[in-house]
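Here is a short report on a two-chain model. It starts with a helix pair and then turns to the contact between the chains.

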Amino acid sequence: MNILGISAFYHDSAAALVRDGRIIAAAQEERFTRKRHDEEFPKHAIAYCLKEGGIDSSRLDCVVFYDKPWLKFERLLKTWLAYAPYGLRSFALGMPVWLKKKLWTRNIIREQLGWEGDLLFTEHHESHAASAFYPSPFAEAAVLTMDGVGEWATASIGYGQGRKLRILEELHFPHSLGLLYSAFTYYTGFKVNSGEYKVMGLAPYGEPKYADLIYRHLIDLKEDGSFALDMKYFDYAAGLTMTSPAFHELFGGPPRVPESELT
Amino acid sequence: MQVVCEEAMLRMARRAQAATGSKNLCLAGGVALNCVGNAHVLRSKLFDRVWVQPAAGDAGGALGAALWAWHHRQDKPREPDGERDTQLGSLLGPAFSDEEIGALLKARGAVYRRPAREELFEETARALAERQVVGWFNGRMEYGPRALGSRSILADPRDPSMRTRINLRTKNREAFRPFAPSVLAEKANDWFELKEPSPYMSLTVPVRENRRATLPAVTHVDGSARLQTVGPEANPDFRDLLREFDRLTGCPVLINTSFNVRGEPIVNTPEEAYDCFLRTDLDRLVLGSFVVERKDQPKTGEACAKSFTPD
């Protein structure tokens, strides 16, 4: 049985081909289009996976997309309503791509692949959890996923046992460890969704002198690992940037200009 | 921020342990690319073992979705052996034959050689020991953000000037960015303090105190390194190169950084590797069985038409 997995339209589009449970091929679209973190429909990566598997799309048994665009859209709408009319500009900027592309994911897949068979959508954190558990050497394991945001979930705890994977608990948007980290990536003048690595690499050069400030104002971290962010310091829920003026005031200045000297 | 992130990861891991009672932990999602945080979770001893999906970011969702459909939805069994994962070293992308590579080099007018296999490893190891920076293109491309020995730039980790040279001159990126080491799995423990293999560079580990002065180019300011352990299965050629380097120098460690320049995705095809070689100061390019040396090339005025915006 040939199963094609697809991720697309957020960042780092990719495709993977699994045959009878074995991983045949997997690749990111950016490697073929030479556009870093390419988020377009991964047609080159898909073509490669099928070629590696020696098949064309008619020999697929099932196609799976890695998240649920409609649920994501619902989050966007609800978030916008909660902040309205503040987020109008970001809403207006974000809308066209949803109306033209993301909400039509089903049609796009069918059209691009000429695929009329079984088409499934997993939840974002379910996909992450599955990628962590199923290839692992473990018969059973706790599964922890953490990122920016999927549909609503920003982190999940699950349990994998044999062939089954259950998500037990989730943390929801806008409270996100990934987005909090990205806010600092943005504030320190690096590119969100790729410069996080540099922030981590720089961390040991400095001292954690802002940790107290972060705990006191930005994040209420509970003993059980759940947390709430104080959204007055962040702009990502409805705005166009990651951090808000209150954040800049708290840390004593505007974001660092990218490429300027590190101090 | 990093310490807050680590603390939050640790508390979530504690919660995951309490909720499941398991001694094994699997991690994914973009935050799981935070190898310092992962190491923190592993060191906490909450779990005996930790496995991190190498394509932890959104790209990995494609693989997860497909595997979920097979095991969870189709209800098909897994057969984990408790030791090895089924990710195949994450070498899941395209490979190119020597015929294809030879044809390309010929068409591009490169000056190249095709030494016998042992010679290839021997002379590449020697070049590395002589402080050459080598573009290494071999087998199937990596899935996920890290270069794991298929599309890698390799260099001698004993040379303190390597960090600056590769960052500034070869890859045109910030000088502070640390390099990751690859080490022969069976010798890893002599050089690094680690409890389990790290085949995907998803953990940082302390460099052993007595080795830090020997490995200046891969030891971070806090004495840590983001390590790849290279075992027998996934990438035999890369492993043989490490062995050869070890035999020559007594050091089973190489700098392993992704084969690209700043802002560019990792190279996929031999042609991209060759173009990258032309517009950087790599001393040598090993493409499958072929060797292309900088010193043999006619004056390299050939600039690559494409330029990449910094990341």
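α1(B) crosses α2(B) in the right-handed sense; a crossing is right-handed if the near helix is turned clockwise from the far one by less than a right angle, and left-handed if anticlockwise. The contact uses B:Q2, B:C5, B:E6, B:M9, B:L10 and B:A13 of α1(B), and B:V36, B:G37, B:H40 and B:V41 of α2(B). Residues are in contact if their C-beta atoms, placed from the backbone, lie within 7 Å. Helices (H or I, at least four residues) and strands (E, at least two) are DSSP runs, numbered from the N terminus.

This is a predicted model: local features need pLDDT of at least 70, side-chain atom pairs count only at pLDDT 80 or more, and totals for chains, interfaces and linings use all residues. Residues are numbered from 1 along each chain as its sequence is written, while chains are lettered from A and ligands numbered from 1 in the order in which they are written.

Between the chains, the contact takes 79 residues from chain B and 90 residues from chain A. On the side of chain B that touches chain A, α1(B) gives the most, with 16 residues.

| Class | Residues of chain B |
|---|---|
| nonpolar (Ala, Val, Leu, Ile, Met, Phe, Trp, Tyr, Cys, Pro) | 40 residues |
| polar (the others, Gly among them) | 22 residues |

Strand β6 (residues 140-146) of chain A pairs with β1(B) in the parallel sense, over four bridges. Pairing needs at least two DSSP bridges between the strands. A:V143 has B:C26 as its bridge partner in β1(B).

Conventions
Contact = placed C-beta atoms within 7 Å.
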